[in-house]
Amino acid sequence: MKKFCDLTDVELIELFEQGNISAFEEIYNRYWLKLYAAAYKRLKERETAKEIVQDFFTSLWINRQQVKIITSLQGYLFTSVRYLVLNYKRAEAVRNSYSEILLMVNNSFDNSTEENYYYKELLERVEAEVTHLPPKCRNVFELSRNQYKTNKEIALLLGISEKTVENHLTKALRFLKVHLNILVLFFLLR
């Protein structure tokens, strides 16, 4: 039998799809640095590039039974990491725009002690309401809203369909809307 380092990509794909951990390790060792370099070239952030590539390989192993590599292994790996980088950049742009909006909102309001107190209390109540969500629904909501993961990333991470992710988010937002309306009314009546 050949050593794994002597196998072609096609042979590695076949073994990987059968769940062979050694084939996966060889794919990891063969491509990790190249994928990291490609991610770093687009991001210019070492830690983020490492994290994206590491998360990709983790997801690849976890979802190995669903993964079907039809084209070249190298093409599949680089395309996957490229999409993860693009998703990260998009999420980063959303985070930055939210930060700018919050900054503008905070600058336009009088930050009196009383307002800060009510704002913090409202945030605590929102977090408390999130804990009342069913575990899977809460997990999906937190990955989406706190970690800014896309529906596709959440689906891959949790091994569920994107439609299920959408359903969980809809359920969570509906639940929070009902409970937050009650909280806003409470604060207005104070």
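Modeller: A residue is called buried under 20% relative accessible area, exposed over 50% and partly exposed in between, with a 1.4 Å probe and protein chains only. By that scale Tyr28 is partly exposed, because its relative accessible area is 24%, whereas Phe57 counts as buried at 1%. This is a predicted model, in which local features need pLDDT of at least 70, side-chain atom pairs count only at pLDDT 80 or more, and totals for chains, interfaces and linings use all residues. Residues are numbered from 1 along each chain as its sequence is written, and side-chain values use heavy atoms, without hydrogens and water.

Rings of Phe, Tyr and Trp (its six-membered ring) pair if their centres lie within 6.5 Å; planes under 30 degrees apart count as stacked, over 60 as edge-to-face and the rest as tilted. In one of them, Phe24 and Phe57 are edge-to-face, because their ring centres are 6.1 Å apart and their planes stand at 75 degrees. Phe24 belongs to helix 2 (residues 21-43) and Phe57 to helix 3 (residues 46-62), so this pair ties together parts 33 residues apart in sequence; helices here are DSSP runs (H or I, at least four residues), numbered from the N terminus. Both Phe24 and Phe57 are buried. Tyr28 and Phe57 are also edge-to-face, because their centres are 4.9 Å apart and their planes at 65 degrees. With Tyr28 in helix 2 and Phe57 in helix 3, that pair therefore joins parts 29 residues apart in sequence.

Ring pairs link Phe16, Phe24, Tyr28, Phe56, Phe57 and Trp61 into a cluster.

Technical notes
Helix = DSSP H or I, 4+ residues; strand = E, 2+ residues; numbered from the N terminus.
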